[in-house]
Amino acid sequence: MEGDRSFQRIQQVEDENRALRNRVAELTDFIENAAIPLHWVNAEGIIIWANQGEFDALGYTPQEYIGASIRDFHADTKTIEDILARLTNNETLYNYPATLRCKDGTIKHVLISSNVLIKEGKFIHTRCFTKDVTEIIQQEKKRNDLLSLLERSEERLRLAINATKLGIWDWRFDEEYIHLSEEARKILEIKEECFQIEDILERCCPQDIKHIGQLTQQCYKNARGHSFEFTGSIRNVEGNQFKCIKLQVAIYLNEDNIPDRAVGTILDITDAKAEEKKGAELAAIVRTSYDAIVSKSLDGEVMTWNAAAERMFGYSAAEMIGHSILKIIPQDRTDEENYILSRLRKGETVEHFETKRRMSNGNLLDVSLTISPIKNNRGEIIGISKIIRDITDKKQEERRKNDFISMVSHELKTPLTSILLYAQVLNKKSVKNQHIVAPEMVKKIEIQAKKMITMIGDFLSLTRLEEGKIHLRFDTFQLFTLINEIVEDAALLNVSRRIKVVGDNPVKIYADRDKIGQVLTNLVSNALKYSPAGGEVTIGCERKNGKLKIFVSDQGIGISKAEQRNLFQRFYRANDEACNNISGFGIGLFLVSEILQHHGSDIHVESEKGRGSLFFFFIDEFRRMSFLPE
């Protein structure tokens, strides 16, 4: 019996030992393969054990990890030293934050909970649990970054709204009032933060209210977008002025897809509209200006080039914008740019600076420049604006005037010299009682004096025309009587050419006899001057289409088509070598044209080089009514 009991006790002990071993094996497996990283560190900080969870978390093999210093795996030296110091002092750590360096170089954020196994007062090893919170930390960082970004975005939005003077409003349709920001209240001139929609609508134009309603209805029908922009006007509180506003509206729908809220912005664009109008007016002026208007940078790069500049210089805007202004400046005038820039930097404006510029075909153009600086808001010069006027005609006029003065000096001096000479000869002959030459001398003096009278008469007529003081004295006279007088005087002055009178006689016209005489005198004088010796000049009239056609023709050198276009301009003389030795001021045909215009007529010319010329004009013939007495 006693033996049976002993056997049973032994069997029981073996069963208990077997169960204990199984328990130990299970606990060992639990610790070795636990999902939570575990490790032991001795008093010197050397890792003496770690479970598989630790290896998996950091990526090291047991050979790389066991036996190494725990300090080598901590990214923050101060943190691990503090942890080891606390554990050495037998402190227990709960969720101590730390950072561990993985084998692949990444950093893991962990929470360490640890205490120390001490036997007989001796530090055996730590019992360290590591919790990976990297994902939580990263999410927290992202959240903080987003919050920071949101704060910065809100600040930027606030600054942008303040800078643009943008007002914000919010209207929940189930409420009676619309909520306004401070700037929106300023724009709408409303003191209260909330107001009723009717307070604003009564200050809007009826067409604007209708337009807003149409835009709102379109939003309701559009399933994809529920926003719109609107520009209109609103009266101020006093009701005597309008300001222009721009609304941006976003309409929100509830869960039943019914609009229940509108949010938007409001901007006072009155000044912008005024500037836009000014800009449009300025752009229209620049676009349609007869003068070239050009802007350039301080480096001379062309920034704008209007249509007049294209016409004037022959370069298109595409050919000039972005290129140097030196493209149109002759090489010998490049220093002008430095001179102009130096004056602009002193705050001066250069006006009517006359110079030359080069066209696309290489020809030089006489121009007058008015130059102003372009300044920014700080008053700094950032560019240059130029108005360029073509003064070719002005320069030609000046040259003609100079030539005119030179010719006047010569032409007036010649007859005066002749008169003086004849008078001296007459005086000497009279002293010697040789009276037989007196009639001839007197005749020559008379001829030269008449030349002087004719020239001075032309000058006086020109002056009166320029001053607008020419007066016409209309009367009825016989045309051929006047023609014969002119022919008789012309024959005295020019005996080497024949003058023939043709046409129906008698003919009466109603005009200023002296002025028509001046017209015919100039036409006959020109015909005689430009006709060869022995040539024939014809003057006459004919009835044509109910009017009188009065004409003067010659057999002279003729006039080219190009010269004919400028023939009746003041001081104009044909640019022909054959005319260089023929005297004249370039005012005779100008006077002819002006006088005829005052008579309601125009001068015409038909001519070819080398084949003579025909000048003619039309005038009404005077016809007495049959019931009037002679």
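**Entry 1: the model.** I am working with a predicted model.

**Entry 2: the cores.** I looked up the largest nonpolar core first. It has 37 residues. Those with the most contacts inside it are I509, I516, L520, L523, F615 and F617. In soluble globular proteins, nonpolar side chains tend to be buried together.

**Entry 3: I509.** I checked what I509 touches, leaving out residues up to four places away in sequence. Its partners are D475, T476, F477, L479, I516, L548, I619, D620 and F622.

**Entry 4: Q478.** I placed Q478 in strand β17 (residues 474-478). Is Q478 buried or partly exposed? Its relative accessible area is 26%, so I noted Q478 as partly exposed. Beyond four places in sequence, Q478 touches N505, P506, V507 and K508. I also looked at Q478 and F622, which lie 144 residues apart along the chain. Their C-alpha atoms are separated by 9.6 Å.

**Entry 5: α18.** I asked why α18 counts as largely enclosed by the rest of the structure. Eight of its 11 residues are buried, so the helix is largely enclosed. The buried ones are G588, L589, F590, L591, V592, S593, I595 and L596. After α18 comes G600, and its phi is positive, near 75 degrees.

Technical notes
Residues numbered from 1 in each chain as written. Predicted model: local features only at pLDDT ≥ 70, side-chain atom pairs only at ≥ 80, totals over all residues. Heavy atoms only, no water. Core = buried A, V, L, I, M, F, W, Y, C linked by side-chain atoms within 4.5 Å. Buried < 20%, exposed > 50% of the residue type's maximum accessible area, 1.4 Å probe, protein only. Contact = heavy atoms within 4.5 Å. Helix = DSSP H or I, 4+ residues; strand = E, 2+ residues; numbered from the N terminus.
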